[in-house]
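Please work through the following exercises with the sequence and the model at hand. Each task is followed by a solution in steps.

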Amino acid sequence: EKKAGKSESITITNDRGSLTQEEIDRMVREAEEFEEEDRSTKERVEARNGLESQAYNLRNQLNDDEKLGGKMDEDEKAELDEIIKDTIEWLDENPSAEKEDYDAKLKELQEATNPIVEKAQAREAPAKEGGDDEEGDDDESEEEDGDNDDDEEGDDDDSDSDDDSDDSDDDSDDD
């Protein structure tokens, strides 16, 4: 085409199939309406997932003898298991409940289970404190002197701070 000197041009016109301003305005209005519906659906699903997660996490801890299950007597386990089963059944029976319903059920679950869990953990805490005086536990007891719930995270924080200082040294070498 260059040798022959021919050239063609393509012109794009917007006279067929274009949207009118009215159609654009309608689509924007519909999008705004659906935005509110989408937001409320998202909140409802998040509330359901939160309740479901809490119930299943409690059940898994209850069945794990190294976690909550090992700290409770059989009566407490049975009571907690019944509360969890009731919550899971309620979830199955109410798949389309509103966010407020899920939030209320989560609060109900926490109010019912927290005293049982705290009682079991309180029994466990004196046993740990009593073990600090034994010679074989000296290394462990020094690590446990901090917040008992965050022992592993505390250890990680220490190693992270070491890593951060190493990283800063590495960063200065790169400059």
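**Exercise 1.** Classify E52 by its accessibility in this predicted model, and identify its salt-bridge partner.

*Solution.* Step 1: the relative accessible area of E52 is 26%. Buried requires under 20% and exposed over 50%, so E52 is partly exposed. Step 2: the salt bridge of E52 is formed with R48, with the closest N and O atoms 4.0 Å apart. Step 3: both residues belong to helix 1 and are four residues apart, about one turn of the helix. In an α-helix, residues three or four places apart point the same way, because there are 3.6 residues a turn. Step 4: R48 has a relative accessible area of 17% and is therefore buried.

**Exercise 2.** Determine whether the end-to-end distance of helix 1 agrees or disagrees with its number of residues.

*Solution.* Step 1: helix 1 covers residues 21-63, which is 43 residues. Step 2: the expected span uses 1.5 Å times one less than the number of residues, so helix 1 should span 63 Å. Step 3: the end C-alpha atoms of helix 1 are 62 Å apart, in agreement with that span.

**Exercise 3.** Describe the surroundings of T113.

*Solution.* Step 1: T113 lies in helix 3 (residues 99-130). Step 2: its relative accessible area is 1%, so T113 is buried. Step 3: the side chain of T113 reaches the backbone oxygen of L109 at 2.8 Å. Step 4: beyond neighbours within four places in sequence, T113 contacts L58, L80 and I83.

Note on methods. Residues numbered from 1 in each chain as written. Predicted model: local features only at pLDDT ≥ 70, side-chain atom pairs only at ≥ 80, totals over all residues. Heavy atoms only, no water. Helix = DSSP H or I, 4+ residues; strand = E, 2+ residues; numbered from the N terminus. Buried < 20%, exposed > 50% of the residue type's maximum accessible area, 1.4 Å probe, protein only. Polar contact = N/O pair within 3.5 Å; in protein donor to acceptor, adjacent residues only side chain to side chain. Contact = heavy atoms within 4.5 Å. Salt bridge = Lys/Arg side-chain N within 4 Å of Asp/Glu carboxyl O.
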